[in-house]
Amino acid sequence: MKPAPPAPHAAGYHGDDRWLLLWAALIGVVGALATVAFHEGMAFTERLATQHPGSLVSAAEALAPWRRAITPALGGIAAGLFLWLAQRAANGRKQLDYLEAIAVGDGRQDVRGTLLHSLSSLCTIGSGGSIGREGAMVQLAAATGSWIGRIGRFDGDDLRRWRTRRLLRRHPIPHHIWRDVTQRAVALRRLDAVQMAHLRELTTWFLDRKSITGVRGLEVTLPMRVAVAAQASLLILNLGAEYFDGWVEVILYPGAFRVSREEVDSSGLVHNEDRALSGESWLRGPVVLSWDDVERDTYGGRAGCNVVLHEFAHKLDGLNGRTNGMPPLHRDMSREHWIEAMSASYDALCLKVAAGEPVFINPYAATSPVEFFAVVSEYFFTAPDILEKECPGVYRQLALFYRQEPLH
Ligand code: ZN
């Protein structure tokens, strides 16, 4: 959240598409064959377990009571055995399901592990156990696709690059608009040509995936959309588009907007808050911005002030499910160092603000650790020299998190 500053108006691979299509069709057909094989396998194991044609119900009716009891038990033991083998084959590695493999991995799936899991499912289903069949079929089809992908030597980056190229071809940002916005936007002035090209890709992706809607009669033009998307994308320039997963909407008000809501404080008292905001960011929901403030911060360039960076930094903070001033840190970062650097600067700032002493950054940062992270992120990109001079520890941690060095 960011309160509106006092202002008179603040009242309110393989490159070729055809080849890729052919590979996709082949993977679809082979995946479908794998599910057909699984389906036939179910019928086969049922017959094997019950030695009776027909449905499981009619087979069970025809079985002697002792066999009716022992068949699922034996099936369960066989299923457990396959799971044990799958676990041994995984050798401590976590078996990713197909969505995880794409979202957090490189799309590779453990084919042997999936086969053993499928055999385990077949033993359970064939002996009368009640487990989902579709999940196993989808997983098997996905593993088959992953296997063909490896044979065809596709790698995840290849596909991502292909997707980006296609996106840039289909929804290009007109050059004059891109040049005009990025040359005037203060936060983007430090980028070199390579970074700028990458930012353009990310911005195009952002405009394709997120909706930017004007309310209260605000007509949102392409340069306005580019200004929001490009600055938001600056935060994830070296992080990746997936850091903005989980939400789709940006709402633009013409100016500062009033919100009125009840809040319960730590003592249980309910306050009715009514205030003007220049932006706010909902966990898993939209980012709401005042265009007046976006425009002023984008082109006016008050050091350390940028509502777009502020609200989208909250989005990164909330990636681990709650906003607490600490986004999910990278593996090569130390949680202790982060907390140490952030807490020391935050505590010192709070003391100064309480004592009425002058402070070097927007005192709004002293509201909470959540706002502190958002405000220092604004400084990191728009006034890194001030942040580095006054809070070198914070600057260092942000450089590690954003994987950027705005001062160099
Ligand atoms: Zn905020």
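Me: What are the buried residues of H9?
Reply: In this predicted model, the buried residues of H9 are Leu-199, Leu-202, Thr-203, Thr-204, Trp-205, Phe-206 and Leu-207. To be called buried, a residue needs 20 or more other C-beta atoms within 10 Å of its own.

Me: How do you know that H9 spans the length expected of a helix?
Reply: H9 covers residues 193-209, which is 17 residues, and reaches 24 Å from its first C-alpha to its last. The expected span is 1.5 Å times one less than the number of residues. For H9 that gives 24 Å, and the helix is close to it.

Me: What makes H14 largely enclosed by the rest of the structure?
Reply: Of its 14 residues, 13 are buried, so H14 is largely enclosed. Helix H14 takes in residues 369-382 and reaches 20 Å from end to end, C-alpha to C-alpha, close to the 20 Å expected.

Me: Why is Gln-404 called buried?
Reply: Gln-404 has 21 other C-beta atoms within 10 Å, and the cut-off for buried is 20 or more. Gln-404 is therefore buried. Its place is in the segment after H16.

Me: Which residues is Gln-404 in contact with, leaving aside its neighbours within four places in sequence?
Reply: They are Leu-237, Asn-238 and Ala-399. Contact here requires C-beta atoms within 7 Å.

Me: Why is Arg-403 called partly exposed?
Reply: Arg-403 has 14 other C-beta atoms within 10 Å. Exposed needs 12 or fewer and buried needs 20 or more, with partly exposed in between. The value for Arg-403 falls in between, so it is partly exposed. Arg-403 also lies in the segment after helix H16 (392-402).

Me: Why does Arg-216 count as exposed?
Reply: Arg-216 has 12 C-beta neighbours inside 10 Å, and 12 or fewer is the condition for exposed. Arg-216 therefore counts as exposed. It sits in the loop between strand S2 (211-214) and helix H10 (222-235).

Me: What is the phi of Arg-216, and what is that of Arg-403?
Reply: Arg-216 has a positive phi of about 55° and is not a glycine. Arg-403 is not a glycine either, and its phi is positive, about 55°. Most residues other than glycine have a negative phi.

Me: Why does Arg-258 count as partly exposed?
Reply: There are 13 C-beta neighbours of Arg-258 inside 10 Å. Arg-258 lies in strand S4, residues 257-264. The C-alpha atoms of Arg-258 and Ala-232 are 23 Å apart, and the two are 26 residues apart along the chain.

Me: How do you know that S6 pairs with S3 and with S5?
Reply: Two strands pair if at least two bridges are found between them. Strand S3 (residues 249-253) has 4 bridges to S6, in the parallel sense, with Tyr-253 bridged to Ser-290. Strand S5 (residues 270-281) has 3 bridges to S6 and runs antiparallel to S6. In S6, Val-288 stands opposite Glu-280. S5 and S6 form a hairpin with 5 residues between them, and Arg-284 in the turn has a positive phi of about 60°.

Me: Which way do the residues of S6 point, and are they buried or exposed?
Reply: In S6 (residues 287-290), Val-287 and Leu-289 point one way, Val-288 and Ser-290 the other way, and all are buried.

Me: What makes a set of residues a nonpolar core, and how many residues has the largest?
Reply: A core is made of buried nonpolar residues joined through C-beta atoms within 7 Å. The largest has 65 residues, and those with the most contacts inside it are Val-228, Ala-230, Leu-235, Leu-289 and Val-376. This core draws at least three residues from each of domain 2 (171-303) and domain 3 (324-408). Apart from it lies another core of 9 residues, including Ala-136 and Met-137.

Me: How does the radius of gyration of the chain compare with that of a compact globule?
Reply: A compact globule of 408 residues would have a radius near 22 Å, but the protein chain has 28 Å. The C-alpha centres of domain 1 and domain 3 lie 50 Å apart.

Key. Residues numbered from 1 in each chain as written. Predicted model: local features only at pLDDT ≥ 70, side-chain atom pairs only at ≥ 80, totals over all residues. Domains from an automatic or database assignment. Rg over C-alpha atoms; globule rule 2.2 N^0.38 Å. Helix = DSSP H or I, 4+ residues; strand = E, 2+ residues; numbered from the N terminus. Contact = placed C-beta atoms within 7 Å.
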